[in-house]
Amino acid sequence: MNRVRGIVEADWAHSRKIFGEGIGVAIVDTGVSGHIDLVGNENRITGFKDILNGREKMYDDNGHGTHVSGIIGGDGTASRGYYRGIAPRCKIISVKVLNYKGNGNVPDVLKGLKWIIENKDKYNIRVVNISVGASVEKNVDESSRLVQGVNAVWD
């Protein structure tokens with residue numbers, strides 16, 4: 001992250017005191033855990049929705065969602081700032097749609113995207129990170145349900 005911040009010019013923004021403060025970032029992934037870079041100085045995990053199991057307490061049974069959350073919003077507490085994320089003062093809203101193996105399905109992703117739309121004002125969600133991939137046997141076009149769901153969040 002120390003190198004990447006420079007490549008994407010996040011250090012330029014940070015030098016101008018732009019840290020993503022108050023911006024909600026929804027992360028559609030495997031969940032999130034309370035890593036010190038996300039909760040140490042201030043608990044910035046302000047929302048959690050578990051589409052798969054309906055749990056209310058945050059968790060990440062795979063680790064990928066926490067990893068992505070750190071890239072986006074880790075404040076570098078554990079590394080004394082060296083591995084600070086892109087927006088280290090943003091608010092993290094985790095939407096768990098992937099299981100412990102990192103697998104999921106389109107209906108669960110769509111439920112997660114719908115939840116984001118319904119809660120965007122409550123959490124000031126301005127950015128959505130969708131860390132899912134898919135194996136597709138045919139071409140995906142604009143009429144697919146997943147593309148429509150992503151377009152609805154974009155709108």
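Glu9 counts as exposed because its relative accessibility is 52%, where exposed means over 50% relative accessible area, buried under 20% and partly exposed in between, computed with a 1.4 Å probe on protein chains only. This is a predicted model, in which local features need pLDDT of at least 70 and side-chain atom pairs count only at pLDDT 80 or more, while totals for chains, interfaces and linings use all residues. Residues are numbered from 1 along each chain as its sequence is written, and side-chain values use heavy atoms, with hydrogens and water left out.

**Positive phi**

- Glu9, although it is not a glycine, has a positive phi of about 65°, and it is found in the loop between helix H1 (2–7) and helix H2 (10–15); helices are DSSP runs of H or I with at least four residues, strands are runs of E with at least two, and both are numbered from the N terminus.
- Lys17, also not a glycine, has a positive phi near 65°; Lys17 lies in the loop between H2 and strand E1 (24–29) and counts as exposed at 69% relative accessibility.

**Aromatic pairs**

- The structure holds 3 aromatic pairs, meaning rings of Phe, Tyr and Trp (its six-membered ring) with centres within 6.5 Å, called stacked if the planes are under 30 degrees apart, edge-to-face if over 60 and tilted for the rest.
- One of them is edge-to-face, because the rings of Tyr82 and Tyr83 have centres 4.8 Å apart and planes at 85°.
- Trp115 and Tyr123 form a tilted pair, with 5.7 Å from centre to centre and 35° between the planes; Trp115 counts as buried at 12% relative accessibility, and Tyr123 counts as buried at 16%.
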